[in-house]
Amino acid sequence: MTRPARSVRPARSARSARPVRIGPRAATALVLVTLIGIAAFGWPLLADAGSGLAHSQDAPWLFAALLPLLVAVVVATIADQGMDAKAVAMLGVLAAVGAALRPLGAGTAGLEPMFFLMVLSGRVLGPGFGFVLGSVTMFASALLTGGVGPWMPFQMLALGWFSLGAGLLPGPERIRGRAELAMLGAYGFLGSFAYGTIMNLQGWVLLQGMGQGVSFHPGDPVPQNLARFVAYCLATSLGWDLGRAVLTVVLTLTLGATLLKALRRATRKAAFEAPVSFDSGAVAPPGPRTEERSPAHPR
């Protein structure tokens with residue numbers, strides 16, 4: 001009787017390491033949390049002048065909705081891809097590193113080194129895990145630095161979108177080397193400004209009395225308020241966002257190649273894609289055959 005032999009596929013090289021793809025359940029969870037986030041950021045623009053509502057009041061509700069949805073994205077991604085706890089452990093390690101990086105520059109001209117880590121991690125781990133990594137990293141860093149407040153759930157959403165975008169960049173299996181670093185640097189530059197702009201929208205609606213040209217006017221037409229918002233961003237946060245963008249580009253171009261290689265190697269070692277299969281067509285070579293003859297029935 002023969003047994004199926006165990007065949008092992010050759011290990012993937014660093015060049016062929018692929019990000020974790022988004023399955024249908026993870027995509028559904030991401031779309032849901034994105035829609036909730038867009039509504040949370042943008043609803044004050046559509047509120048009337050007598051609503052009396054502010055982000056400081058709706059932030060706890062957003063936070064309560066965000067945490068279960070983050071867990072849902074992780075569970076859905078694992079269910080779609082069949083991964084084990086090693087993937088979640090890698091997310092925990094990267095989130096801890098990102099949270100430790102933030103205090104090194106936060107509060108100094110917008111220099112936040114954790115943003116370049118989010119770009120590279122999103123590129124390697126994929127958009128689903130990138131979103132969760134960005135959100136969890138911001139949550140952990142807020143606890144570490146004492147930055148807990150009504151703005152925290154909005155920061156979690158914004159950084160999650162930032163990391164998700166890095167995972168959606170084209171050519172995850174084809175673009176490598178300097179071309180990839182240039183693409184990631186350009187994304188980090190633009191994404192840093194996008195992050196700052198989104199967070200400005202959260203705080204801008206709470207500030208009054210800054211001047212007719214930059215203050216938010218509840219109930220005014222959306223185009224007029226958006227024009228004031230652009231003026232507000234140019235007057236208040238342009239320099240801060242520029243510091244974040246430049247530092248992200250510099251760190252990506254100088255440290256990106258080494259860190260990308262390390263992340264891809266760790267992803268392969270974690271065996272997110274099961275490397276072992278059983279081939280029913282393979283047959284083990286026959287071993288030496290022994291026969292026992294009964295003394296009463298010689299041949």
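Which backbone oxygen does the side chain of R176 reach at 2.6 Å? Select R176 and P172 to find out: the side chain of R176 reaches the backbone oxygen of P172. R176 sits in the loop between α6 (152-167) and α7 (178-204). At 14% relative accessibility R176 counts as buried, because the cut-off for that label is under 20%.

Before going further, keep in mind that this is a predicted model. The average pLDDT of the protein chain is 77, and 71% of the residues score at least 70.

**Stop two: R264 and E180**

Now select R264, which you will find in helix α9 (residues 238-269). Show its partner E180 too: the two side chains make a polar contact at 2.6 Å. R264 is buried, with a relative accessibility of 7%.

**Stop three: a network of salt bridges**

The structure holds seven salt bridges.

Start with R102 and E112, whose closest N and O atoms are 3.6 Å apart.

Then turn to R244 and D241, which meet through their side chains in a salt bridge of 2.9 Å, N to O. Both belong to helix α9, where three residues, about one turn of the helix, separate them. R244 is buried, with a relative accessible area of 4%, and D241 is buried with a value of 4%.

**Stop four: D220 and R228**

Another salt bridge to display joins the side chains of D220 and R228, at 3.1 Å from N to O. Is D220 buried or partly exposed? D220 is partly exposed, with a relative accessible area of 23%, whereas R228 is buried at 12%.

Switch to a surface view and select V31, L35 and I38. These residues make a nonpolar surface patch of about 290 Å². V31 belongs to helix α1 (residues 24-46) and counts as partly exposed, at 49% relative accessibility.

**Last stop: where to take care**

Finally, colour the chain by pLDDT and go to residues 274-279, where the score stays under 50. The model has ten contacts beyond four places in sequence for this stretch. In residues 290-295 pLDDT also stays under 50, and the model has two such contacts there. Where pLDDT is low, predicted coordinates should not be read in detail.

Technical notes: Residues numbered from 1 in each chain as written. Predicted model: local features only at pLDDT ≥ 70, side-chain atom pairs only at ≥ 80, totals over all residues. Heavy atoms only, no water. Helix = DSSP H or I, 4+ residues; strand = E, 2+ residues; numbered from the N terminus. Buried < 20%, exposed > 50% of the residue type's maximum accessible area, 1.4 Å probe, protein only. Polar contact = N/O pair within 3.5 Å; in protein donor to acceptor, adjacent residues only side chain to side chain. pLDDT = per-residue confidence, 0-100. Contact = heavy atoms within 4.5 Å. Patch = residues over 30% accessible without salt bridge, like charges linked within 9 Å, V, L, I, M, F, W, Y side chains within 5 Å. Areas by Shrake-Rupley, 256 points an atom, 1.4 Å probe, with all protein chains shown as cover. Salt bridge = Lys/Arg side-chain N within 4 Å of Asp/Glu carboxyl O.
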